[in-house]
Amino acid sequence: METSHFDVIILGSGPAGLQAAIHAARRKVSVLVLGRVHKSSAFSAHIENYCCIEGAAGEELLRQARLKAEQSGALFLEEDVTELKKEKRFVVRAEGGKTFQAKALILAMGVSRNTLGIKGEKHWVGRGLSYCVDCDAGFHKGEDVAVAGCGSAAVSGALTLLFYAREVHLVCDALEVTDYLNEKLRESAIHLHEGKTVVDIHGDKAVSGVSLNDGSFLAVGGLFIELGAKGATALLGNLGVALDMETLRYVTTDKKQATNVEGIYAAGDICGPPWQVAKAVGEGCVAGLEASAYAKKRGS
Ligand SMILES: Cc1cc2nc3c(=O)[nH]c(=O)nc-3n(C[C@H](O)[C@H](O)[C@H](O)COP(=O)(O)OP(=O)(O)OC[C@H]3O[C@@H](n4cnc5c(N)ncnc54)[C@H](O)[C@@H]3O)c2cc1C
């Protein structure tokens with residue numbers, strides 16, 4: 001790495017960060033991207049609903065995006081950022097101990113999805129267990145499916161699944177939704193298992209059923225876990241970056257992907273749902289253009 005001073009530093013090597021890198025670097029500013037491509041949510045996904053491709057492995061999409069960003073002039077360091085500070089410029093410390101300075105930052109660290117936390121949960125991901133109805137509903141046409149969750153994401157997800165699945169079960173400890181969604185749910189054909197939780201997942205090669213805490217069993221070919229997500233916002237405390245008032249989980253931005261802190265932009269899942277590649281890429285493009293324009297305007 002030739003210099004520790006960059007015009008733009010991007011935190012995150014997922015679709016948002018990589019698209020931001022492509023657009024910023026093509027504006028002839030110096031760009032460093034931190035984070036690991038294989039830690040992107042898209043890495044192990046099969047993406048079917050992104051325009052311009054017929055369907056592709058996330059890993060391959062990310063490989064091509066990284067190549068494009070490198071060809072555009074961005075530099076990469078596959079390390080996480082452990083500390084951010086604002087001095088005259090932004091100071092970024094990576095996990096290996098190197099520090100870098102930047103005129104502008106782009107936050108594209110994604111989210112970590114809340115899990116059920118039950119035994120074997122990880123094993124079933126991609127084998128009938130999904131954390132994203134919008135992404136994977138189409139794989140369950142004509143099947144019976146279950147959704148675990150109590151909030152608006154779970155109820156909206158279950159309503160969406162009615163268009164694809166034969167029977168939809170919603171397993172929920174205690175519903176926490178608006179009156180409007182509650183009414184929609186009660187009017188719908190969704191089987192509501194209130195006061196219950198999923199305690200075990202069964203199957204051979206793929207999910208074939210779930211057990212609930214009252215000892216009952218639902219024979220389903222798909223389980224959607226819709227328990228919300230946490231943005232990777234722990235790093236931002238020092239900088240005073242504003243989070244959304246409703247959940248305090250996501251970074252808020254304006255239409256230029258600018259946060260409340262001058263010189264800091266954000267893009268992708270970290271800005272809140274829908275968690276989709278198309279949104280991440282669109283926001284990354286805007287953030288890359290805006291951050292590079294800001295860095296140029298700021299001069300030295
Ligand atoms: C199983 C699954 C299936 C999916 N299927 C689809 C689908 O079919 N269609 C669709 O559109 N979307 C799908 N998604 C959602 C999609 O993957 C995300 O919306 C998208 O990856 C978001 O991009 P992002 O760049 O915001 O975040 P991510 O892709 O999650 O990337 C975040 C990046 O930030 C990095 N990072 C985190 N912390 C730090 C740190 N401290 N310092 C530096 N870097 C850091 C990570 O290493 C990673 O590189 C799916 C997701 C999952 C989990």
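**A close look at V8 and its surroundings**

A: Setting aside anything within four places in sequence, V8 is in contact with A24, V29, V31, A102, A104, I106, A291, S292 and A295. Contact here is a distance rule: the C-beta atoms of the two residues, placed from the backbone, lie within 7 Å. Before going on, note that this is a predicted model, where local features need pLDDT of at least 70 and side-chain atom pairs count only at pLDDT 80 or more, while totals for chains, interfaces and linings use all residues. Residues are numbered from 1 along each chain, in the order its sequence is written.

V8 sits in strand β1, which spans 5-11. Strands are DSSP runs of E with at least two residues, helices are runs of H or I with at least four, and both are numbered from the N terminus. V8 counts as buried because 30 other C-beta atoms lie within 10 Å. The cut-offs are 20 or more such atoms for buried, 12 or fewer for exposed, and partly exposed in between, again with C-beta atoms placed from the backbone. One of the contacts, A104, is 96 residues from V8 in sequence, yet their C-alpha atoms are 4.8 Å apart.

Now follow the chain to α1, which covers 15-25. This helix is mostly covered, with eleven of its eleven residues buried. Those buried residues pack against β1, and also against β2 (31-34), α2 (58-72), β8 (99-107) and α6.

α1 and α6 pack at about 35°, with axes 7 Å apart; the axes are lines fitted to C-alpha atoms over the stretch in contact, and angles run from 0 to 180 degrees between N-to-C directions. Among the α1 residues that meet α6 are P15, Q19, H23 and A24, and the α6 side includes V277, E283, A291 and S292. By class, this contact has 13 nonpolar, six polar and one charged residues. Nonpolar means Ala, Val, Leu, Ile, Met, Phe, Trp, Tyr, Cys and Pro, charged means Asp, Glu, Lys and Arg, and polar is everything else, Gly among them.

In total, 38 residues surround the ligand, with G12, G14, G35, G110 and G268 the closest; to be near it, a residue needs its C-beta atom, placed from the backbone, within 6 Å. The shell splits into 22 nonpolar, eleven polar and five charged residues.

A cis peptide bond, with omega about 0°, joins P273 and P274.

Finally, step back to the whole chain. An automatic or database assignment gives domain 1 (5-112 + 229-298) and domain 2 (115-225). Their centres, taken over C-alpha atoms, are 31 Å apart, and seven residues of domain 1 are in contact with five of domain 2. Each domain gives the ligand shell at least three residues.
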